[in-house]
Amino acid sequence: MPNRVTEYDTIAAISTPPGVGAISIVRMSGDEAVDIANKLFKGKDLTKVATHTMNYGHIIDPDNDNEIVDEVMVTIMRAPRTYTREDIVEINCHGGIVVTNRILELLLANGARAAEPGEFTKRAFLNGRIDLTQAESIEDLIDAKSDRARQVAVDQLGGNLRQAIRDLRDDIMEVMGKVEVNIDYPEYDEDQITLDLMKKTALDVKQRIAKLLATAQDGEVLRDGLATALVGRPNVGKSSLLNQLLHQDKAIVTDVAGTTRDVLEEYVNVNNIPLKLIDTAGIRDTEDKVEKIGVERSRKAIVQADLVLLLIDASTPLTAEDRELIDATKDKARIVILNKIDLPQKTTVADLSKLVDRDEILPISVLNNDGIDALKQRISAMFFSGIENSQNNLMITSARQTALFKQASHSLDNVINSVDAGMPIDLVQIDFTNCWEELGEITGDSSPDEMINELFSRFCLGK
């Protein structure tokens, strides 16, 4: 665990979203946080109040005849029982843009420094309060798009992934200790016994890593959503379906072909799993320059999508464009939606069955909300069987974690292969040590500074 860092300046930032609201919070962290706030506070002496208390008063401008800037509540939290393990001051002011920025400017003018994105959480990590998996879970919690994603983030914030990794590292370290004894005092041990132990431990740890890696796809979906492209020729009901799933009129719907000219992205929950719905421009041959750009973006969306919802208009005969889209999406996970079944049908399920597997076809009427629940169930069964009902909240939720787990597993493969090849024990130990360090990079126990800086730079200001 990183040692507590004491030589920090005091940082400040607005921790609430910009804009007009009931309240805003301006946060400071550092050894001088209380003293700086006290210079600007008219009320109690903040240097003497008890920790973890809220104090009523006013923020004043000492360089402008003590002008009252705002009526506030100031929370004082003394180290080490704080988010950063430093002194923290939070000024709760009225939620106006001007007043919030004015208070921040006063803090900066009186000794604080503007915080970098994610710097509060970075200090929590550097001061040993959290590890990198918990830091990432804070970002996941803020960005959670479903209650299931929130549950996973909360459990990871509680340290379940950190503990699983520490257990793996402890098992490796125990064997590495025996290896050191073997190397330093060979008369007390047998090489083959230690090599067998290394192989046995490597196989066990590799199996446990494999179980964690098996959760990576689910974790990525929970974090980022399942990229779901709504495609079809113009006027088949793509935007209407988007609005129906969102329960709001987000996309413009008219009977004019080519209304949607760009890619529109929105999130919706299906059985507590986030879908990133991508409403695409109708794909057809067109001479309109703007619509043509939209069509090209639609084709790219098909390539990048995890799931394609291909809409076919049941009220018109199949066209060459329909057939082209059926062929273009044949290698994608897809549901072929036969829409407008409330109208006299000129394209039937039987017609489509000649071109696609019958199990892919789903008849619906977006207008009458007929078949929408069946569509949600079909999507859930295709991708999320068991996820929404699973009680396992131990998941890998970032590409960084996935990559390092894979590296650690590869190092264990090298251990196993080296033992089988009869390599000397000190050479086998190198890959065992690599695995231990790669697992440590996931938690931050052995992470390079550049990686840590990059990770926290993705956080928002004030966090």
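Which residue lies over the face of Phe120, and at what distance from the ring centre? Arg27 does, at 5.2 Å from the ring centre; a charge counts as sitting over a ring if NZ of Lys or CZ of Arg is within 6 Å of the ring centre and within 35 degrees of the ring normal. Please keep in mind that this is a predicted model, in which local features need pLDDT of at least 70 and side-chain atom pairs count only at pLDDT 80 or more, while totals for chains, interfaces and linings use all residues. Residues are numbered from 1 along each chain as its sequence is written, and side-chain values use heavy atoms, with hydrogens and water left out.

**The open sheet**

- Seven strands form an open sheet: 7 strands in the order 3-4-5-6-2-1-7, with mixed pairing. Strands (E, at least two residues) and helices (H or I, at least four) are DSSP runs numbered from the N terminus, and two strands pair if DSSP finds at least two bridges between them.
- The edges are taken by strand 3 (41-42) and strand 7, each with a single partner strand, so one side of each has no neighbour in the sheet.
- Strand 1 (residues 11-14) runs antiparallel to strand 2 (residues 21-29), and 4 bridges join them. Within this pair, Ala13 stands opposite Arg27 of strand 2.
- Strand 1 also runs parallel to strand 7 (residues 113-114), joined by 2 bridges. Here Ile11 stands opposite Arg113.
- Strand 5 (residues 67-77) and strand 6 (residues 88-95) are antiparallel and share 5 bridges. Met77 has Ile88 in strand 6 as its bridge partner.

- Helix 3 (residues 119-126) is largely enclosed by the rest of the structure, because 7 of its 8 residues are buried. Buried means under 20% relative accessible area, exposed means over 50%, and partly exposed lies in between (1.4 Å probe, protein chains only).
- The buried residues of helix 3 include Phe120, the ring under Arg27, and Arg123.
- Asp9 and Arg123 meet through their side chains in a salt bridge (3.1 Å, N to O). A salt bridge is a side-chain nitrogen of Lys or Arg within 4 Å of a carboxyl oxygen of Asp or Glu.
- That pair links distant parts of the chain: Asp9 is in the segment before strand 1 and Arg123 is in helix 3, 114 residues apart.
- Asp9 is partly exposed at 37% relative accessibility, whereas Arg123 is buried at 2%.
- Arg123 also forms a salt bridge with Glu86 (3.1 Å, N to O). Glu86 lies in the loop between strand 5 and strand 6, so this pair ties helix 3 to a part 37 residues away in sequence. Both Arg123 and Glu86 are buried.
- A network of salt bridges links Asp9, Glu86, Arg113, Glu119 and Arg123.
- After helix 3 comes Gly128, with a positive phi near 85°.

**Other side-chain contacts**

- The structure holds 23 salt bridges.
- One of these salt bridges joins Asp313 and Lys340 (3.3 Å, N to O). The pair links distant parts of the chain: Asp313 is in strand 11 (residues 307-313) and Lys340 is in the loop between strand 12 (334-339) and helix 12 (349-353), 27 residues apart.
- Asp313 is buried, with a relative accessible area of 4%, while Lys340 is partly exposed at 21%.
- Arg169 lies over the face of Trp436, at 3.8 Å from the ring centre.

**Loops and backbone**

- Most residues other than glycine have a negative phi, and most peptide bonds are trans.
- The bond from Ala79 to Pro80 is cis, with omega near 5°. Pro80 is in the loop between strand 5 and strand 6.
- His52 has a positive phi near 60° and sits in the loop between strand 3 and strand 4 (53-61). His52 is partly exposed, at 37% relative accessibility.
- Asn369 has a positive phi of about 60° and is found in the loop between strand 13 (361-363) and helix 13 (372-383).
- The hairpin of strand 1 and strand 2 has 6 residues between the strands, and Gly19 takes a positive phi near 130° there.
- Val20 lies in the loop between strand 1 and strand 2 and is exposed, with a relative accessible area of 76%.
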